[in-house]
There are 2 protein chains.
Amino acid sequence: MTEFIPPGTRYIDLPSPFPMKRGGALHGARMAYETWGRLNAAGDNAVLIVTGLSPDAHAAANAGNPQDGWWEPMLGPGKPIDTDRWFVICVNSLGSCKGSTGPASINPASAAPYRLDFPDLSIEDGADAAWHVVRQLGIGQLACLIGNSMGGMTALALLLRHPGCARHHINISGSAQALPFSIAIRSLQREAIRLDPQWNNGNYDDDCYPESGMRMARKLGVITYRSALEWDGRFGRVRLDQSQQDAQRAEEDPFGLEFQVESYLEGHARRFVRKFDPNCYLYLSRSMDWFSVAENVGDDMLASLARIQVQKALAIGATTDILFPLEQQRQIAEGLAAGGAQATFMPMDSPQGHDAFLVDYQRFGPAVGDFLASL
Amino acid sequence: MTEFIPPGTRYIDLPSPFPMKRGGALHGARMAYETWGRLNAAGDNAVLIVTGLSPDAHAAANAGNPQDGWWEPMLGPGKPIDTDRWFVICVNSLGSCKGSTGPASINPASAAPYRLDFPDLSIEDGADAAWHVVRQLGIGQLACLIGNSMGGMTALALLLRHPGCARHHINISGSAQALPFSIAIRSLQREAIRLDPQWNNGNYDDDCYPESGMRMARKLGVITYRSALEWDGRFGRVRLDQSQQDAQRAEEDPFGLEFQVESYLEGHARRFVRKFDPNCYLYLSRSMDWFSVAENVGDDMLASLARIQVQKALAIGATTDILFPLEQQRQIAEGLAAGGAQATFMPMDSPQGHDAFLVDYQRFGPAVGDFLASL
C-alpha cells in the first residue's frame, strides 16, 4: 500500500475517536492540508477549498512546495483566488491516499493498512473532517467555501452540518445528489477494479497490483470527464502513425491502439494507475453514489438546500458536463436562493465537460475571481 | 465457440472467394436472412433492413419463426413497415454469430473456428454481402434501404458502393463516420474483453469463457445506449431492498449492487454475455471505428454523402443519443440533400438515447410508416 503525499504537506489530527456517519469510528486519524496567504487579525478572510476525488492538498505552489499545484492558475497573488487578500486552505479528502487518513493508511488496531476494514466512508465524514481542520486553525467562520466536483458535494454537506460555517459559497461542477447515470459509471469503474484478479479483495501490494482494473476505471473516468464535442475538434479521426501504433501494442494484439483518442486515454491511464490507491478509489467513488442532500428535509432536495444559510453563492458548471450535468448546478443555485442567499447560476459554454474547471481558466477564472472580488 | 441462430433462418452463399476490403478473402461464407411479405411481379417493392451490432435476422415474427422479433412493432401487416405492401428482407450482419459467417464460424481452411484468423472486417464488407443477398433474391433495385445504428453505416456504404441499389433510404440513429467519443467507448469495451484472462487471445471455449469482460463491455454499452434523462425518471436514487441486495452480491463483497440502476445493468449484462460471441463482438465493434464515408471523396464527408443518389431519404435520431449524436443524422440528411435527394432530417425528442428506435415506437413508428407510405 502506498500513499502519495506531496512535500510540504501539513497535518491536523482528527478527534479520536472520529465517528463516521454510517457507523464505526476512526482512531488516530489525521487530515492533510496546505495553506496560502495569511489569516488576518479579525480571522475573517479564510477560504476553504474541498476537492474532487483525486487531488491532493497541493492546489498551488507555496513556501512548503514550490511546484505547481493542480489548480495553479486559480490560486496565488493577484489570481482569481487572490492570496494577497484571502487566507486559503485546501484539504486532502478524508479517505484519500494523499496524506489524509484513508483505506491505505495504517489501522492502529492492527498496525497494518486498513484496506477493506476502513469503515464506510460518506461525503459527510469528509465534510466534518474538513471543518475540524478549519476550526483547529483558529477560524470560526469561513469567508468563502469553495467545492469542486465531489468537493461540491462535500461543501453542501459541510454547510448543512455546520450552520454558519461560511458566509459565502462557490459550488463548481457539483451536485446535490448522485443521479443514476453517474452512479452507473462509477459502479462500472469500481467493478473494473474489483474484477481485476490482482485486486484480490483489497489485499494487493506493489508487486501484485490491480493495474488493469485501475486503467479501465481511469479511462472510463476520462471519457466522462470530457465531452464528445471537445474530442471531435481535438482528435477527430486522426490515427497514430505506424511507429506509434507499433510502440503501443504488442505484435500479437490485432486490437491494439490505432486512433489518437485511444492513445490519449492510454496515456491518462498510465499516469494515474500507480498514483492513486485502488481501495481509496473504491471508497471515495461510492461515497459519491450515497450522497444526497435530500435526506436532510423529508427527501426534498430543494427544501434541504434551502436550509443552508449563506449570504452570497455562485453555482458554476459546464454545458458539456455529462457526469455532473449543468441542471444539477442550476438546482443548487435555486435551492440556495430559496434559503435566502443571493445565489447566481452561471452556465459556462466550455467544451471540456466536467473537467472544464481544471482547464478552461479563461471562463472559470473570471467567474470565481469576480465573485470573490465582490465580497 | 457457439453461434446463436434463430429457427427459420435462411441462407445465401457468398461468392467464394469473397474479397474483404482491408485484404484477405472468405471462402465458403454465407449470409443469414429472413423475409416478410411477397416480392411483386415487377420486383420493385423490396425493402432491406441492415441492423445494429447485435441483432439477428429475425426482426419480426414470420412463417419460419412465429416468435416476436427484435423490431416486432415496426414490421408486419399494417405496421409501419407494412408487409402487405413491401417485401422485406433482414440480413444478419457479416461477422456476426447469428447465422452469417463470422469469427465464430468454421474456417474451411482449418476446419476449426476462425477466431482471430478471420480477416479484418469492414462495414463495407457487410454492405457488399448484404447486397449479394438482395441480388440473389432476384432484386435489381430496392424500393427502400433501412439501416439502424451500425446498419446506418452499412446502408451508406451500400449506397456508395452499389449506385442505384435503392430508390429511397431511411437512416435511423446512424452515422457517416465514427467520432472519437464513440471510438473511445468501443475501444474500452474491447479492452474489457481482451483484459479478461479467459478471453485468452480469442481462444476461449464455453467452459473457459470471458464472461467478466463481456459483462463489462455490455454494461458500458447499455450506459451509452440510453440517456441520463431517462434514467433519472426511471431509477432516480431508488435502492434495491435488502433481500435483493443479498441475492445479488456475495457476503464478502462490500461493493456489491445497491441501487436499482446497478441491478438493471447487471440484468442486461447477464442476459447478453452468453448470447453473443466475444470475438465477433470485437470484430464488429472495430469495423464501426474504421468507418468513414469521407474516404470516398477526398476526405470530405459532405461531398462523399452527396455522391449517393436516392430520390427520397429520411434521417432520424434521438436528441438524447450520446453514441450516435443527433448532429450525425443531420449531416446525413444534409449530405443526401446535397446529392439531390429529397432528404428530411427528423430529430426525435425521445428520452431513451441511442436505443430509442428499439423502444420509442410511438415516435419512430409513425416517422418510418409515414415515409414509406409516401413512396
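Which residue forms a salt bridge with B:Glu295? The model shown is predicted.

**View 1. The salt bridge of B:Glu295 within chain B.** B:Lys21 is the partner of B:Glu295, with 2.5 Å between the closest N and O atoms. The two residues belong to distant parts of the chain, 274 residues apart. B:Glu295 sits in the loop between helix 8 (278-290) and helix 9 (301-306) of chain B, and B:Lys21 in the loop that runs between strand 2 and strand 3 (25-26) of chain B. Over all chains, the count of salt bridges comes to 42.

View 2. In chain A, the bond that joins A:Ser16 and A:Pro17 is cis, with an omega of about 5°. A:Pro17 is placed in the loop between strand 1 (10-13) and strand 2 (18-19) of chain A. In chain B, a cis peptide bond leads from B:Ser16 to B:Pro17, with omega near 5°. The loop that holds B:Pro17 lies between strand 1 (10-13) and strand 2 (18-19) of chain B.

**View 3. A:Asn201 and its backbone angle.** The phi of A:Asn201 is positive, at about 55°, although the residue is not a glycine. The position of A:Asn201 is in the loop between helix 3 and helix 4 of chain A.

**View 4. The two domains of chain A.** Domain 1 is made up of 10-179 + 293-373, and domain 2 covers 183-280. A distance of 27 Å separates the C-alpha centres of domain 1 and domain 2 of chain A. Contact between them involves 23 residues of domain 1 of chain A and 20 residues of domain 2 of chain A. Domain 1 and domain 2 of chain A bury about 1,800 Å² between them, and carbon and sulfur atoms give 63% of this area. On the side of domain 1 of chain A, the residues that lose the most area to domain 2 are A:Arg115, A:Leu116 and A:Leu323, which together account for 29% of what that side buries.

**View 5. Polar pairs between domain 1 and domain 2 of chain A.** The side chains of A:Arg226 and A:Asp355 form a salt bridge, with an N to O distance of 3.4 Å. One salt bridge is counted between domain 1 and domain 2 of chain A. Seven residue pairs are in polar contact across this interface, both residues being at pLDDT 80 or more. The side of domain 1 of chain A that touches domain 2 holds 12 nonpolar, eight polar and three charged residues.

**View 6. The relation and contact of chain A and chain B.** The contact draws 49 residues from chain A and 49 residues from chain B. About 4,400 Å² is buried between chain A and chain B, with 65% given by carbon and sulfur atoms. A:Met216, A:Arg237 and A:Phe255 provide 18% of the area that chain A buries against chain B, more than any other three residues.

View 7. A:Lys219 pairs with B:Glu191 in a salt bridge whose closest N and O atoms are 2.6 Å apart. The count of salt bridges between chain A and chain B is eight. Polar contacts across the interface of chain A and chain B number 20 residue pairs, both residues being at pLDDT 80 or more. At least two residues each of the side of chain A that touches chain B come from helix 3 (180-195), helix 4 (211-225), helix 5 (228-234), helix 7 (260-273) and helix 8 (278-290) of chain A. Helix 3 of chain A gives the most to that side, with 12 residues. By class, the side of chain A that touches chain B has 27 nonpolar, seven polar and 15 charged residues.

Definitions and conventions:
Residues numbered from 1 in each chain as written. Chains lettered and ligands numbered in written order. Predicted model: local features only at pLDDT ≥ 70, side-chain atom pairs only at ≥ 80, totals over all residues. Heavy atoms only, no water. Domains from an automatic or database assignment. Contact = heavy atoms within 4.5 Å. Buried area = accessible area lost by both parts, 1.4 Å probe. Salt bridge = Lys/Arg side-chain N within 4 Å of Asp/Glu carboxyl O. Polar contact = N/O pair within 3.5 Å; in protein donor to acceptor, adjacent residues only side chain to side chain. Nonpolar A, V, L, I, M, F, W, Y, C, P; charged D, E, K, R; others polar. Helix = DSSP H or I, 4+ residues; strand = E, 2+ residues; numbered from the N terminus.
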